[in-house]
Amino acid sequence: MTNLFDIKGKVALITGSTHGLGMAMAKGLGQAGATIVVNGNSSQEKIDTAVAELKAEGINAVGYKFNVTEEQEVKAAVQKIESEVGPIDILINNAGIIKRIPLLDMEVSDFREVVDIDLVSPFIVSKHVAKGMIDRRQGKIINICSMMSELGRNTVSAYAAAKGGLKMLTKNMATEWAKYNVQINGIGPGYFATEQTKPIRVDGHPFNDFIISRTPAAKWGDPSDLAGAAIFLSSKASDFVNGHILYVDGGILATIGKPSNEE
Ligand code: GCO
């Protein structure tokens, strides 16, 4: 029986993968044999450091600096990657930001910046990568959604609007592209221990205690917990899965939670 989860030799572009969940998924797919194309836009040094970290684990990795919100940069980068590395078999739209600001205090520019990076850029990057996947009649696109694709929370309205939209964009990509044997799905991470959540995760922070009580697994996720879902949605094992958001959340979305006096 062929290994349904075999992704050896596949080329995987992961946007925003110099750190955090993107780096964790890069390690997961890389350790499973994929060639990793690291992307970032902050600095070439961060990209080089991330590539070196992956190579130190025996992973075949290269890095490309481009701004995922600028279509001409994305178009040129995709062409460069596909000529220098090879056709992109797997695209993970991971790049994203969050701004924790109450709606009434949020500037329109802040709202637009979050939506631009978290929702519009997956559209831009997917549009240019999908063209080759459609021609080849094969490809995997994974959009990194969120608990906020399903639930609201104080101060993260722009992020929730973007991640809710990304859930529906995922379903529409599947609607338009599945007939070309391209599978487009999402991963919805729960609350993970990353730099992005550090400000709300410190011991004694009320939100930290809340998440521990609200998560049936009673802990923050470790970024390495995402590798299995990423490998599944990048491999033959998910060839008939489309438009699905796979939540890796320790059970948060399964429950309304419990009173503080219950175990
Ligand atoms: C927050 C967190 C969340 C998580 C994740 C949950 O402020 O609520 O940062 O946004 O990072 O997106 O799925």
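Colleague: Is Phe 207 buried or exposed?
Modeller: Phe 207 is buried, at a relative accessible area of 12%. Keep in mind that this is a predicted model.

Colleague: And Phe 210, what is its relative accessible area?
Modeller: For Phe 210 the value is 41%, so that residue is partly exposed.

Colleague: How many aromatic pairs are there?
Modeller: The count is four. One of them is Tyr 191 with Trp 220, an edge-to-face pair with 5.8 Å centre to centre and 85° between the planes.

Colleague: Where do those two sit in the chain?
Modeller: In distant parts of the chain, 29 residues apart. Tyr 191 is in the loop between β6 (182-189) and α6 (206-214), while Trp 220 is in the loop between α6 and α7 (227-234).

Colleague: Why does Tyr 191 count as buried?
Modeller: Because its relative accessibility is 13%, and the cut-off for buried is under 20%. Trp 220 counts as buried too, at 11%.

Colleague: Back to the Phe residues. What kind of pair do Phe 207 and Phe 210 form?
Modeller: A tilted one, with the centres 5.6 Å apart and 50° between the planes. Phe 207 and Phe 210 are three residues apart in helix α6, so about one helical turn separates them.

Colleague: Which residues do the ring pairs link into a cluster?
Modeller: Tyr 191, Phe 207, Phe 210 and Trp 220.

Colleague: New topic, charges. Which residue lies over the face of Phe 207?
Modeller: Arg 153, at 4.1 Å from the ring centre.

Colleague: And what sits over the ring of Trp 220?
Modeller: The charged end of Arg 201, 5.9 Å from the centre of that ring.

How values were computed:
Residues are numbered from 1 along each chain as its sequence is written. This is a predicted model: local features need pLDDT of at least 70, side-chain atom pairs count only at pLDDT 80 or more; totals for chains, interfaces and linings use all residues. Side-chain values use heavy atoms; hydrogens and water are left out. Rings of Phe, Tyr and Trp (its six-membered ring) pair if their centres lie within 6.5 Å; planes under 30 degrees apart count as stacked, over 60 as edge-to-face and the rest as tilted. Helices (H or I, at least four residues) and strands (E, at least two) are DSSP runs, numbered from the N terminus. Buried means under 20% relative accessible area, exposed over 50%, partly exposed in between (1.4 Å probe, protein chains only). A charge sits over a ring if NZ of Lys or CZ of Arg is within 6 Å of the ring centre and within 35 degrees of the ring normal.
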